[in-house]
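I am opening a notebook on this structure. My entries follow the order in which I looked things up.

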Amino acid sequence: MTLYDKFYLNDGTTLPHVGLGTVHIQGGKGIHQIHSALDVGYRVLDTATGYNNEGMVGEAVRSSFIPREQLYVSDKLPGLAHQYDKAIALIQESLYRTGLDYFDKYLIHWPNPKEELYVEAWQALVNAQKYGLIKTIGVSNFLPEHLDNIIEATGITPATNQIERHPYFNNKDLIAENDKRGILSEAWSPFGREINDTLTNATIKEIAKKYDRSPAQVILNWDNQHHVFPVVRSASQKHQYDNFHYLDFELAQEDMDKIDALDQGEKGRIEGQNPNEYEEFI
Ligand SMILES: NC(=O)c1ccc[n+]([C@@H]2O[C@H](COP(=O)([O-])OP(=O)(O)OC[C@H]3O[C@@H](n4cnc5c(N)ncnc54)[C@H](OP(=O)(O)O)[C@@H]3O)[C@@H](O)[C@H]2O)c1
């Protein structure tokens, strides 16, 4: 198996081995938590309009004293702005909120397929990239038919697809579909958030003991060896450190298989959010 210290995207850019999730990281306390992560070494910050923290993320970036070009801010378009004009205006508004000149990466947060507007939203991202507002464009929670529809309409393939993925819902078929199209899979909620008990699962704990690593490091290593970019949230510097340093060991195939076998299919989803049914507008 291979471990990736960076991930190459189909637009010629790269991502490091891990990104920091920021849902629930907010306000003045949030700035300290982001600075703590930057001190550990994180450079990718994953936000969304719906997280109500774009201003905080921008402030944390500007007050970090790390050169802008070394930081990587990834934001997301909410479902309420899938119409073309609304999408362009919302991307600009998000830039004003962050106080940044461009986003390094920008994703459509959910396809909301019943609205039939995600192709229009994708066209807006394609053009926003041409205008210089965004460097890398991608999607989130897109299923194969959604991917094919946007690629066929615009000729442009997303660089990444950020999807639900953790040991109880490993989403391996969608990852294979992303791979087939040259799209990097990003894992959201790699630990199953505060809802699933992946970090205290007996199999994961047993594997962690075998390698003398933490359950968190085992899960992130498993993602990486499956060529998946993990987006993980932690407000604590101890956990941030742990999660950043997961590359110095290699899970054997038999242990990769044991984690793969924890998958529970659809019932393993954290909140049952099947992208064909679930809709999110904020
Ligand atoms: N695209 C989408 O639709 C979508 C959906 C959901 C999430 N996301 C993105 O994915 C990111 C990550 O997902 P998430 O925030 O839902 O959950 P997560 O990263 O799976 O889990 C976060 C939880 O794990 C704990 N934790 C982190 N590191 C730990 C460690 N080493 N040991 C023990 N506990 C640890 C955190 O507590 P502490 O803070 O105490 O460490 C927190 O309670 C989000 O923040 C967001 O950026 C995207």
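**Entry 1: a pair in a helix.** How many residues apart in helix 6 are Glu-177 and Lys-180? I am working with a predicted model, so I read the positions from that. I find the two three residues apart in helix 6, which spans residues 172-180. That puts about one helical turn between Glu-177 and Lys-180. Their side chains meet in a salt bridge, with 3.4 Å from N to O. I recall that side chains of opposite charge can pair when their charged atoms come close.

Glu-177 has a relative accessible area of 22%, so I note Glu-177 as partly exposed. Lys-180 is exposed, at 64%. Glu-177 also forms a salt bridge with Arg-181. There the closest N and O atoms are 2.7 Å apart.

**Entry 2: other salt bridges.** I looked up the total and got 21 salt bridges in the structure. One of them joins Asp-248 and Arg-213, with the closest N and O atoms 3.3 Å apart. This pair links distant parts of the chain, 35 residues apart. Asp-248 sits in the loop between helix 9 (237-244) and helix 10 (253-260). Arg-213 sits in the loop between helix 7 (202-211) and helix 8 (215-225). I have Asp-248 down as exposed, at 54% relative accessibility. Arg-213 is partly exposed, at 24%.

**Entry 3: the nonpolar cores.** Which residues have the most contacts inside the largest nonpolar core? I find Leu-125 and Leu-251, in a core of 62 residues. Helix 4 (residues 118-130) gives the most to this core, namely seven residues.

I went back to Leu-251 for its contacts. Leaving out residues up to four places away in sequence, Leu-251 touches Ile-207, Tyr-211, Val-218, Asn-221, Trp-222, Gln-225, Met-256 and Ile-259.

**Entry 4: a residue from the record.** I checked UniProt next. Its unreviewed entry lists Tyr-51 under "active site". I located Tyr-51 in the loop between strand 4 (44-46) and helix 2 (54-62). Is Tyr-51 buried or exposed? Its relative accessibility is 16%, and buried means under 20%, so Tyr-51 counts as buried. I listed its contacts too, not counting residues up to four places away in sequence. Tyr-51 touches Thr-22, Val-23, Gln-26, Asp-46, Lys-76 and His-109.

**Entry 5: around the ligand.** Which residues come nearest to the ligand? Of the 28 residues around the ligand, I note Asp-46, Glu-194, Arg-233, Ser-234 and His-239 as the nearest. Asp-46 was already on my list of residues that Tyr-51 touches.

I looked up some distances to finish. Tyr-51 has a side-chain N or O atom 3.3 Å from a nitrogen atom of the ligand. For Asn-243, an N or O atom of the side chain is 2.9 Å from a ligand nitrogen atom. With Glu-194, the ligand atom is an oxygen, and a polar side-chain atom lies 2.6 Å from it.

Definitions and conventions: Residues are numbered from 1 along each chain as its sequence is written. This is a predicted model: local features need pLDDT of at least 70, side-chain atom pairs count only at pLDDT 80 or more; totals for chains, interfaces and linings use all residues. Side-chain values use heavy atoms; hydrogens and water are left out. A salt bridge is a side-chain nitrogen of Lys or Arg within 4 Å of a carboxyl oxygen of Asp or Glu. Helices (H or I, at least four residues) and strands (E, at least two) are DSSP runs, numbered from the N terminus. Buried means under 20% relative accessible area, exposed over 50%, partly exposed in between (1.4 Å probe, protein chains only). A nonpolar core is a set of buried Ala, Val, Leu, Ile, Met, Phe, Trp, Tyr and Cys residues joined through side-chain atoms within 4.5 Å. Contact means heavy atoms within 4.5 Å. UniProt positions are given in the numbering used here, feature names are shortened, and annotations may be inferred rather than shown by experiment. A residue is near a molecule or strand if one of its heavy atoms lies within 4 Å of it. A polar contact is a pair of N or O atoms within 3.5 Å; within protein, one must be able to donate a hydrogen and the other to accept it, and residues adjacent in sequence count only if both atoms are side-chain atoms.
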